[in-house]
Amino acid sequence: MTRFLSFKWILTFILIAITGYLYSKDGVITTSVVATAVIFGLPLALAAMVGIMCERTGIVNIGIEGTLLFSSFIGFFVASSTNNGVFGIISAITAGVVTGLFLAFMSISWKMDQIIAGTIINILATGLTSFLYTQGRMAPTTFPIDIPFFSSIPFFGQVLFMHGPLVYFGLVVIFSLYVALYHTSWGLRSRAVGEHPGSADTAGVSVFRLRYLNVALAGAVGGLAGAYLSLELVGSWDRGFTAGKGFTALALMIFGRWNPMGALAAAMFFGLTQAVTNQLMFSDVAHIPEQFVNMLPYVLTIVVLAISAGKVRPPAAEGLQYEKEKA
Amino acid sequence: MFLQGAQPMDAYGSLFSHGFGSWEGFAKTLGKATPLMLSGLAVTIGLRSGLFNIGVQGQLVSGALAAGWAGYAIQGLPIYIHLPIALLFGIFFGALVGWIAGALKAYRGIHEVITTIMINSIVLALVDYLAGHNFQEPGQTLARTSAVLPSATIPKIFGLPSGFFFAVLLAWAVWWVFQRTTSGFRLDTVGRNKNAAWYAGISVKRSVLIAMGVGGAIAGLGGAIETLGVIGRFEPTFNTGLGFDGITIALLGRANPLGVIPGAILIGGIRGASSSMQFDAGVAPEIVDLILALILFCVTAPFLSKWLRSTQVGAKVTSGWSN
C-alpha cells in the first residue's frame with residue numbers, strides 16, 4: 001500500500017512539474033490541453049462512478065457500455081425531436097435509470113448471473129439503438145458557461161470554470177458521491193451490503209432495497225454521462241457511438257480501487273493522455289501515424305499499472321446472490 | 001420488426017431458409033460459425049479457469065493478420081507445408097497476445113479485464129496500421145493485405161468449410177481436457193476456488209498463463225481460419241465483433257466447451273442471414289443484435305430455464321472480478 005501511495009504521489013508530482021514547465025513555455029496550448037483532459041476524462045469518470053456505485057453494494061455492472069449507448073441515444077433523440085436540450089438531458093437520465101432497474105431486476109430479483117445480465121444490456125442497447133437510428137438528425141447542444149470571477153483565474157479558470165453545464169454537474173455528482181460513500185449512513189450501509197450482506201441484514205438494512213436503489217441511482221449517473229457525450233461533448237449520435245468507453249470505465253474503476261476519487265484521478269490521467277495525443281496529432285510535431293497516437297492512452301495505462309502494481313481487492317460480496325435466511 | 005412494417009414471419013422464414021435451408025446457405029452459416037465457435041471456446045477456457053477474457057477480439061485479429069501475412073508473403077511451398085505454417089503463425093500470435101495479458105496478471109497482479117480491454121485497443125490500432133502500411137496490398141488504398149495464395153487456402157469438403165469440423169473437434173478436445181485430464185482439473189479447480197487450489201499445491205500463476213495462452217491460441221486459430229478459409233485475405237473491418245459474439249456464445253453455452261457448438265451455429269446462422277433478411281423482408285440487419293439479446297435473455301432467465309428444466313437455476317457461470 002505504501003509503495004503504491006508513494007508511486008501515486010511521485011506520478012502526480014511529475015505530472016505537475018511537467019505541466020508547470022510546459023506552461024512556462026507555452027501557456028495557451030498547455031492550458032487548452034489540460035482543459036481538454038477534463039472534457040475527455042469526465043465521461044469516463046462518471047461511467048466509472050456507475051461501476052463503483054453498483055459494485056460497492058455487490059452488483060457487478062458490466063453493462064455500463066449499454067447504459068451509455070442507450071441513454072446518449074435517447075437523450076439525443078428526445079432533444080432533437082422536441083428541440084429542447086433540457087428534455088433531452090432529463091430523458092437520458094431516465095433512460096439510464098431504466099437500464100439500471102433492468103439490471104437490478106435481472107440480477108437481484110431473478111438472481112441471474114450478473115455478468116450475463118450486463119452482457120444482455122450491452123447487446124440489447126447496441127441492437128435497439130442501431131435499429132432505431134436514423135441519419136441526419138440535429139439536436140440543440142449545451143453551451144459553455146463561464147463562472148464569474150473563478151474563470152478569470154489564470155490556468156485554473158480555463159481548466160475548471162469554462163465548461164458546459166453538464167461538466168459542473170458531473171463534477172458535483174462525483175464529489176458528492178465520494179462524501180456520501182464515506183461520510184453518510186447510506187454510504188456505510190451500501191459498503192456493508194457489498195462486503196457482507198448477511199451482517200448488514202442482521203443489523204436491519206434491507207439488502208434488496210438498498211441494492212435496487214443504488215443500481216437505479218448508478219443508472220441515473222450513467223444517463224448523465226450519456227447525455228454529456230451526445231449533447232455536450234460531441235453534439236451528435238452515431239452507431240456504436242460510445243466506442244468502448246463503458247469498458248474503459250470498468251478498467252479505470254479497478255485502477256482507482258473502487259474509490260470515487262481514485263477513479264476520478266485515473267479517468268483524468270486517461271483524459272490527459274488523450275488530450276496530449278490529440279495535440280500531438282493536431283500540431284503535427286512529429287510524423288507519428290494516427291494509430292500509434294490513439295494507442296498511447298492504453299499503453300500508458302498498462303505501463304503505469306505494471307509499475308504501480310499490486311493486488312486489488314474488490315468488494316467481498318460482489319457478484320454473489322443474496323438469499324435472505326428463512327426463520 | 002413490426003415497427004418497420006415488415007412481416008415478421010417473412011423475416012424469420014428468410015432467416016431460416018438462408019441460414020439453414022440451402023446447401024450454400026448452410027455452408028455460409030458454418031463458415032461464419034467457425035471463428036465464432038473458436039472465440040467462444042477461448043472465452044469458455046477463461047471462464048472455467050476463473051478469468052474473464054474480454055481480449056478474444058484482439059487475440060483473434062492478431063491471429064488473422066499473422067496468418068494472412070504468412071499466407072501471401074511465404075511463397076513456393078506446397079499446400080501441406082504452407083497451410084500448417086500459416087495456421088501456426090495465427091496460433092502463435094494469438095497465444096502471444098493472450099499470454100501478455102496472462103503474464104501481467106500472474107506476475108504483476110493486474111486484473112485481466114483491464115489488460116485485455118487495453119490490449120484489444122492497442123492490437124486493433126496496430127493491426128490497422130500494419131494492414132494499411134507495411135503489409136498493404138500494392139496499389140491499394142484500402143487497409144488490406146494481398147490475397148492469400150492457393151497453397152495456404154483451406155480447402156472445402158463438399159462445399160462446406162473444413163475449418164468448421166476442425167473447430168468442432170477442438171471443442172470436443174477442450175471438453176475432454178477439462179473432464180478427463182489432470183491439467184484440465186487444475187484449471188477448473190483454480191476457477192472454482194483459487195485459495196483452495198493454492199492450498200492443494202496447484203500453481204495459480206501457471207494456470208493463469210496457460211488459460212490465457214491457450215485461449216489466445218484458439219482465438220488466433222479462429223482468426224487464421226477466417227482469413228485463410230473464408231475471406232481469403234486480411235481486412236481489419238471483416239473481423240469486428242467476432243470476439244464479443246464469442247462472449248455471448250460462451251455464456252449461452254454456460255461455460256461448457258461443448259455448449260459453444262450449437263451457440264456458434266445459431267449465431268453464425270443469424271449473422272450470415274441478416275443481410276438477406278433485409279433483402280427479403282425489409283428488416284434492418286441491426287435487428288440481429290436484438291434477437292441475440294433476447295435469445296441470451298431467454299436462455300438464462302430463471303423462469304424459463306425452470307420451465308425447460310434444462311440446467312440448474314442460478315448456477316454460477318462467471319466469477320466476477322473476485323479472484
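A residue counts as buried if 20 or more other C-beta atoms lie within 10 Å of its own, as exposed if 12 or fewer do, and as partly exposed in between. Arg257(A) has 16 other C-beta atoms within 10 Å, so it is partly exposed. The model described here is a predicted one.

**A loop in chain A**

Arg257(A) sits in the loop between helix 11 (245–255) and helix 12 (260–283) of chain A. Its backbone deserves a look. Most residues other than glycine have a negative phi. Arg257(A) is not a glycine, yet its phi is positive, at about 55°.

Trp258(A) lies in the loop between helix 11 and helix 12 of chain A. Its phi is near 60°, again a positive value in a residue other than glycine. Is Trp258(A) buried or exposed? Trp258(A) has 23 C-beta neighbours inside 10 Å, so it counts as buried.

Asn278(A) belongs to helix 12 of chain A. This residue has 16 C-beta neighbours inside 10 Å, so it counts as partly exposed. Asn278(A) and Pro297(A) are 19 residues apart along the chain. Their C-alpha atoms are separated by 11 Å.

| Residue | C-beta neighbours inside 10 Å | Class |
|---|---|---|
| Trp258(A) | 23 | buried |
| Asn278(A) | 16 | partly exposed |

Chain A contains 13 helices and 2 strands. Its radius of gyration is 20 Å, close to the 20 Å that the globule rule gives for 327 residues, so chain A is as compact as a globular protein of that length. The C-alpha trace of chain A spans about 70 × 55 × 40 Å along its principal axes. Of its 327 residues, 50% count as buried. Take the contacts in chain A between residues at least 6 apart in sequence: 76% of them join residues at least 24 apart.

Chain B also comes to 13 helices and 2 strands. Buried residues make up 55% of its 323 residues. Among contacts in chain B with a separation of 6 or more, 77% are between residues 24 or more positions apart.

**A helix pair in chain B**

Two packed helices are described by the angle between their axes and the distance between the axes. In chain B, helix 2 (residues 23–48) packs with helix 6 (residues 162–180) at an angle of about 15°. Their axes are 8 Å apart. The angle makes helix 2 of chain B roughly parallel to helix 6 of chain B. The crossing of these two helices is left-handed.

Which residues of helix 2 of chain B make the contact? They include Leu30(B), Ala33(B), Met37(B), Leu41(B) and Arg48(B). From helix 6 of chain B come, among them, Gly163(B), Phe164(B), Leu170(B), Val174(B) and Phe178(B). By class, the contact has 12 nonpolar, 2 polar and 1 charged residues.

**Where the chains meet**

How many residues of chain B are in contact with chain A? There are 38, and they touch 42 residues of chain A. On the chain B side, helix 4 (79–108), helix 5 (112–132), helix 10 (242–252) and helix 12 (287–300) each supply at least two residues. Helix 5 of chain B gives the most, with 11 residues. The residues on this side of chain B divide into 23 nonpolar, 10 polar and 5 charged.

How values were computed: Residues are numbered from 1 along each chain as its sequence is written. Chains are lettered from A and ligands numbered from 1 in the order in which they are written. This is a predicted model: local features need pLDDT of at least 70, side-chain atom pairs count only at pLDDT 80 or more; totals for chains, interfaces and linings use all residues. Helices (H or I, at least four residues) and strands (E, at least two) are DSSP runs, numbered from the N terminus. The radius of gyration is taken over C-alpha atoms; the globule rule is 2.2 Å times the number of residues to the power 0.38. Two residues are in contact if their C-beta atoms, placed from the backbone, lie within 7 Å. Axes are lines fitted to C-alpha atoms, for helices over the stretch in contact, and angles run from 0 to 180 degrees between N-to-C directions. Angles under 35 degrees count as roughly parallel, over 145 as roughly antiparallel, 65 to 115 as roughly perpendicular and the rest as oblique. A crossing is left-handed if the near helix is turned anticlockwise from the far one by less than a right angle, and right-handed if clockwise. Ala, Val, Leu, Ile, Met, Phe, Trp, Tyr, Cys and Pro count as nonpolar, Asp, Glu, Lys and Arg as charged, and the others, Gly among them, as polar.
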